[in-house]
Amino acid sequence: MKHYDALETRDPAQREAALLAALPGHVAQAQRSAPAFAEILRGVDAAAVTTRAALAQLPVTRKHELQERQQAARARDASDPFGGFSAIGWRGLLRGTGARRVYQSPGPIYEPEGHAADYWRSARAFAAAGFEAGDLVHNCFSYHLTPGAWIMEAGAQALGCTVFPGGTGNTEQQLSAIADLRPGAYAGTPSFLKILVEKAQEAGLKLSFNKALVSGEAFPPSLRDWLLERGITAYQCYATADAGLIAYETQARQGLVLDEGILLEIVRPGTGDPVLEGEVGEVVVTVLNPDYPLIRFGTGDLSAILGGACPTGRTNTRIKGWLGRADQTTKVRGMFVHPGQIAEIVKRYPEVVRARLVVAGEMAQDTMTLKVETACSGPGELALRIAETVRDVTKLRGEVELVLPGTLPNDGKVIEDARSYK
């Protein structure tokens with residue numbers, strides 16, 4: 001079975017040692033070259049960050065914090081639109097060189113692209129999806145403002161493919177180009193691929209695609225099978241504008257294999273605390289990219305580690321894929337309740353294993369119940385104490401229900417909004 005390179009089949013201990021060996025230098029580079037991380041990691045001895053335990057002690061920087069820092073920096077002056085997170089830029093900025101392109105994602109959030117070949121490391125995902133040098137790839141991610149199309153184009157070209165920049169929309173024009181050029185491969189969202197297939201079918205035509213790499217949204221097995229029935233073998237990859245490739249699907253169809261250039265953690269939503277293997281939590285990544293040196297970047301996505309090795313021979317850790325969003329902040333009786341507040345409550349009680357706040361009722365009649373996993377089976381004294389802490393932390397009254405360990409679903413939810421909005 002072909003692999004992109006020898007890194008994919010390394011002994012896991014060798015890979016872990018290499019990643020951890022690179023970590024102190026990466027932290028030092030971020031402190032030195034990215035003012036935001038100089039502030040976030042003030043007082044941190046980079047040379048001491050040599051283990052996952054040490055990494056887990058560093059703050060998690062979430063996307064909303066990145067956006068807030070960028071907005072604050074732009075409000076002060078125009079010298080650093082990246083809010084101190086980028087080590088590269090262009091003339092007139094804090095960093096005067098190094099950026100090949102700059103992108104705007106919704107928020108807005110601005111991301112730089114450096115000059116490294118395959119800057120977002122997506123070629124690995126294309127190779128796993130069966131793409132080969134010489135393939136013509138019809139790229140249907142947007143080339144406008146955001147980096148999606150460029151993430152895919154860079155990886156495809158690094159693999160030796162030729163790219164047609166289809167972009168989004170203009171369905172009829174795209175179908176005409178597909179009929180003329182006969183590309184064998186597609187890159188884009190799975191939903192737009194389905195639209196192209198259906199439009200071609202309506203015209204009595206069959207697309208020339210036989211392979212696809214999709215991303216940007218959920219890719220359910222039902223759609224995967226639907227495409228396969230129409231002659232298109234599609235695989236998915238998980239990438240973000242900030243981090244680049246995080247994980248990719250293989251022919252085994254068993255979860256997503258991590259990219260070789262990141263350190264991934266799964267943490268309890270609202271915290272920086274790693275969860276046990278198999279438990280659902282937020283995806284946090286440290287990206288070994290000196291141009292944009294993200295350290296413990298919270299993606300806001302939920303996933304879980306999938307145990308065992310990939311049958312394709314790739315030895316890196318696998319995750320279960322996208323399992324929802326970690327940002328479960330909700331408003332109750334006019335007050336916002338955050339996952340971090342639930343984590344704060346749990347930390348005050350060593351006898352509590354896990355907790356889940358359930359918000360129920362109808363509009364304007366909200367009720368809060370904190371379901372708490374604990375082995376304690378005595379009277380309700382613990383529940384009363386926790387209820388007082390709920391009120392202190394959230395400024396809202398709520399009930400507390402004690403349940404046995406293992407009772408709550410393993411879905412990463414800390415706050416469940418079960419209200420009726422009819």
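A: At 33% relative accessibility, W90 counts as partly exposed. Buried means under 20% relative accessible area, exposed over 50%, and partly exposed in between (1.4 Å probe, protein chains only). This is a predicted model: local features need pLDDT of at least 70, side-chain atom pairs count only at pLDDT 80 or more, and totals for chains, interfaces and linings use all residues. Residues are numbered from 1 along each chain as its sequence is written, and side-chain values use heavy atoms, without hydrogens and water.

Q: What aromatic pair do F82 and W90 form?

A: Phe, Tyr and Trp rings (Trp by its six-membered ring) pair if their centres lie within 6.5 Å; planes under 30 degrees apart are stacked, over 60 edge-to-face, the rest tilted. F82 and W90 are edge-to-face, at 5.8 Å centre to centre and 85° between the planes. F82 is buried, at 1% relative accessible area.

Q: Why is the pair of Y119 and W120 edge-to-face?

A: Because their planes stand at 90°, with ring centres 5.1 Å apart. Both residues, Y119 and W120, are buried.

Q: Which charged end sits over the ring of Y235?

A: A charge sits over a ring if NZ of Lys or CZ of Arg is within 6 Å of the ring centre and within 35 degrees of the ring normal. Here R253 does so, 3.9 Å from the centre of Y235. K211 lies over the face of F131, 5.8 Å from the ring centre.
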